[in-house]
Amino acid sequence: MRKMKKILSVALACVLTLGLGACSGSSGGGTTSGAANSAAPAATEAGSSADSAGTTAAAAETKAENSDGPIIVGFLGWSSGADAMYGLVPQHLLETYFKKVNAAGGWLGREIDFRTYDISGLDGDFSEAVNAANKLIQSGAVAILGPSNSTQGAAVAELCNRAGVLHIPSSASQLVTVDDTGNVRPFTYRSGPVNTDQVVTMASYTYSELGNPKVAILYETTQVDTVDMAKAFKDTYTGLGGEIVAEATYQINDVEFRAQLTSLAQSNPSYLFMPVMGYKEAGYVAKQLSELGLGDIKLIGNYVYDTEDLLTLAGPELEGCIFATDGDLSDSRFDEIKAEYQEYQQATGMSLHMPGLKAFNEAKILEYAILTSGSTNPDEMRKALDETAGFDMITSPNKGYDPATHNLLGLEFTIKAVKDGEFETLGKYAMPGK
């Protein structure tokens, strides 16, 4: 974990060299991707502070000049390649929602100018996210929604907080809302649970409700999200008295896991905890466990498992799999969204999924901030979010934000299992509130 933080710190230092002057301004909307710029030496601490003050003032001036025009809102999504569903599904949900908002008169009588950017950089590359964020900041965006990847999310958070632009990502690592020095990023607010909260809930459930079984862990080492989750599960489970009998790792884009599974099976685990940021990896592991005759080892997962596409890939082999997620898609609260989404699903083959709904929360959080404050001024919006005791969100209730971390409080998690090729809801669990 210490090594992962060091890698992310180097990445954030590079963000300063790709900073707000790195890209020419662009006021055009549409789905866009940017190429990486050459890196220059990182700014000194004093220089960074001076640049931050100047950038914030310039951003505030731009917003003031456009206070009667459209409200520019940006979205950064992983919208191309093999995992395009994680960007395209929330992008469609957000576009549909903002069209309805505009048809009803917009927010504060102003139309929403919604601009989307594809930031599908390879292997955790953050340069496309940085370039897109620069363009949005320079164009006078009042808020940037996304991304979901935490390495990219931390880089975008660095830029938004230097510029004084509200940032609402679905990135789940604590390093997105809290910097390496332990200080909260004042303009970045999370749109769902920090990944460790959800995993702690799953570890506690495994210990108390599944009878303290032997558990092995398999996780990917190049993404801060998966490293965070593996550590949180291990620390919580062993802290309760549970036994982690073996661990193994893999690299991003791996599709072959038989060697790791064979090794892990020698320790006779009943369950394999496998946190993922793409559902296909879990599907491949379930199928390969079955092929190796190790089907008695059941998977424990995170919210990314919560998509019908995973059942399509490996439904029979997932029997007995169990995971925690941000809400129950069978709840009536999702009926309208599912009905509106059907046509898009039929056209694209992309199922509605929980990561997409968590990103959809971003619009509701921004809406609350603007309508409660009666302003698109970043400090006024921050005040509204800092003082709330809870607000309407797509996935689950909440009790506002922890001021020290900008994590949402009082969130409700749903435990699901795979039974007879379908998802079955086992129960709901709420995190402590204020």
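**Figure 1. Helix α12 and its buried residues.** In helix α12, I337, Y341 and Y344 are the buried residues; buried means under 20% relative accessible area, exposed over 50% and partly exposed in between, with a 1.4 Å probe and protein chains only. This is a predicted model, in which local features need pLDDT of at least 70, side-chain atom pairs count only at pLDDT 80 or more, and totals for chains, interfaces and linings use all residues. Residues are numbered from 1 along each chain as its sequence is written, and side-chain values use heavy atoms, with hydrogens and water left out. Helices (H or I, at least four residues) and strands (E, at least two) are DSSP runs, numbered from the N terminus. Among the elements covering the buried residues of α12 are α3 (85-103) and α13 (354-373).

**Figure 2. The course of α12.** The expected span is 1.5 Å times one less than the number of residues in the helix. Look for a kink of about 40° in α12, centred on Y341; the bend at a residue is the angle between axes fitted to the seven residues ending there and the seven starting there. Just past α12 comes G349, with a positive phi of about 80°.

**Figure 3. Helix α5, enclosed.** Here 14 of the 14 residues of α5 are buried, so the helix is largely enclosed by the rest of the structure. Helix α5 covers residues 150-163, and its first and last C-alpha atoms are 20 Å apart, close to the 20 Å expected. G164 follows α5 and has a positive phi near 75°.

**Figure 4. Aromatic pairs.** The whole structure holds 16 aromatic pairs. The ring centres of F233 and Y237 are 5.6 Å apart with planes at 25°, so this pair is stacked. Rings of Phe, Tyr and Trp (its six-membered ring) pair if their centres lie within 6.5 Å; planes under 30 degrees apart count as stacked, over 60 as edge-to-face and the rest as tilted. Both F233 and Y237 belong to helix α8 (residues 224-240), 4 residues apart, or about one turn of the helix. The rings of Y250 and F257 have centres 5.0 Å apart and planes at 90°, so they meet edge-to-face. Y250 and F257 are both buried. Ring pairs also join F75, Y97, F98, W107, F114 and F360 into a cluster.

**Figure 5. The surroundings of N398.** You will find N398 in the loop between α14 (378-387) and β10 (412-419). Its relative accessible area is 8%, so N398 is buried. The N398 side chain reaches the backbone oxygen of F391 at 2.9 Å and the backbone nitrogen of G400 at 3.0 Å. Beyond its neighbours within four places in sequence, N398 touches several residues, including A389, M393, L408 and L411; contact means heavy atoms within 4.5 Å.

Note on methods. A polar contact is a pair of N or O atoms within 3.5 Å; within protein, one must be able to donate a hydrogen and the other to accept it, and residues adjacent in sequence count only if both atoms are side-chain atoms.
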